[in-house]
Amino acid sequence: MIRPAGHPLRGVAIAGGVATVVAIELRIFAPFDHGVWLVAYLLLVGTVAPLLLARGEQRLGAPAAGAAASGEAAAWLVGVAAVPAGVLADARLLVVAGGAALLAALASIARRSRPRDAGRASGSGRDLLIHGTVVGFMAVSTVVGIALAWDTPWL
């Protein structure tokens, strides 16, 4: 298996980019309900967000390797897959589960990105503010997405 260099979230972004291209092709050649939403979701949540989060952690000096970073990437990937599956299948439970996975990843990212000691490079205050804003925006967006899914069936 080929592992992308750097943060595991970059691998998620590559998968998200591939999924975005596939969704665009499907939308063009076989239009379906929620197709435009799916393309936007995969582009923003599956591709751009993990790149921004990985870059923010890098700027703040958070370790890019280890069980925590891999767990965040795995949770993010589960969320990126479960939310669209739930939307396309009209299954609220999948949307909630995917949103919970994304929120768990964001909580872990926020925790690991905090500077803890003087020995670790901590980036500038501006880097911390930008990264915190990205994490916060993604968390609020995820909660809003879960709330919007509330009118769909549970299964």
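Figure 1. Among contacts (heavy atoms within 4.5 Å) between residues at least 6 apart in sequence, 76% join residues at least 24 apart in the protein chain. This is a predicted model, in which local features need pLDDT of at least 70 and side-chain atom pairs count only at pLDDT 80 or more, while totals for chains, interfaces and linings use all residues. Residues are numbered from 1 along each chain as its sequence is written, and side-chain values use heavy atoms, with hydrogens and water left out. The protein chain holds five helices and zero strands, where helices (H or I, at least four residues) and strands (E, at least two) are DSSP runs numbered from the N terminus. Read from the N terminus, the order of elements is α-α-α-α-α. Of the 155 residues of the chain, 37% count as buried, a term that stands for under 20% relative accessible area, with exposed meaning over 50% and partly exposed lying in between (1.4 Å probe, protein chains only).

**Figure 2. Close-up of the largest nonpolar core.** In soluble globular proteins, nonpolar side chains tend to be buried together. A nonpolar core is taken here as a set of buried Ala, Val, Leu, Ile, Met, Phe, Trp, Tyr and Cys residues joined through side-chain atoms within 4.5 Å. The largest such core has 26 residues, of which Leu9, Leu53 and Trp76 touch the most other members. Two or more residues of this core come from each of helix 1 (8-29), helix 2, helix 3, helix 4 and helix 5, and helix 2 gives the most, with eight residues. When residues up to four places away in sequence are not counted, leucine 9 touches Pro50, Leu53, Ala54, Glu72, Ala73, Trp76 and Ile109.

Figure 3. The largest pocket has a volume of about 640 Å³. On a 1 Å grid over the protein atoms alone, a pocket is an open set of points where a 1.4 Å probe fits, with protein on both sides within 12 Å along at least five of seven lines, and lining residues have an atom within 4 Å of a point. Grid points are joined across faces, edges and corners, and the volume is the space filled by probe spheres set on the points. The lining of the largest pocket has 27 residues, and those closest to its centre are Trp37, Tyr41, Val45, Ser141 and Gly145. Helix 2 (35-60), helix 3 (67-88), helix 4 (92-113) and helix 5 (125-148) each supply at least two residues of this lining, with the largest share, nine residues, coming from helix 5. By type, the lining residues divide into 19 nonpolar, seven polar and one charged, where Ala, Val, Leu, Ile, Met, Phe, Trp, Tyr, Cys and Pro count as nonpolar, Asp, Glu, Lys and Arg as charged, and the others, Gly among them, as polar.

Figure 4. Rings of Phe, Tyr and Trp (its six-membered ring) pair if their centres lie within 6.5 Å, and planes under 30 degrees apart count as stacked, over 60 as edge-to-face and the rest as tilted. By this rule the count comes to one aromatic pair. The ring centres of tryptophan 37 and tyrosine 41 are 5.0 Å apart and the ring planes are at 25°, so the pair is stacked. Tryptophan 37 is partly exposed, with a relative accessible area of 32%, whereas tyrosine 41 is buried, at 11%.

Figure 5. At 40% relative accessibility, histidine 34 counts as partly exposed. Leaving aside neighbours within four places in sequence, histidine 34 is in contact with Val87 and Leu88.
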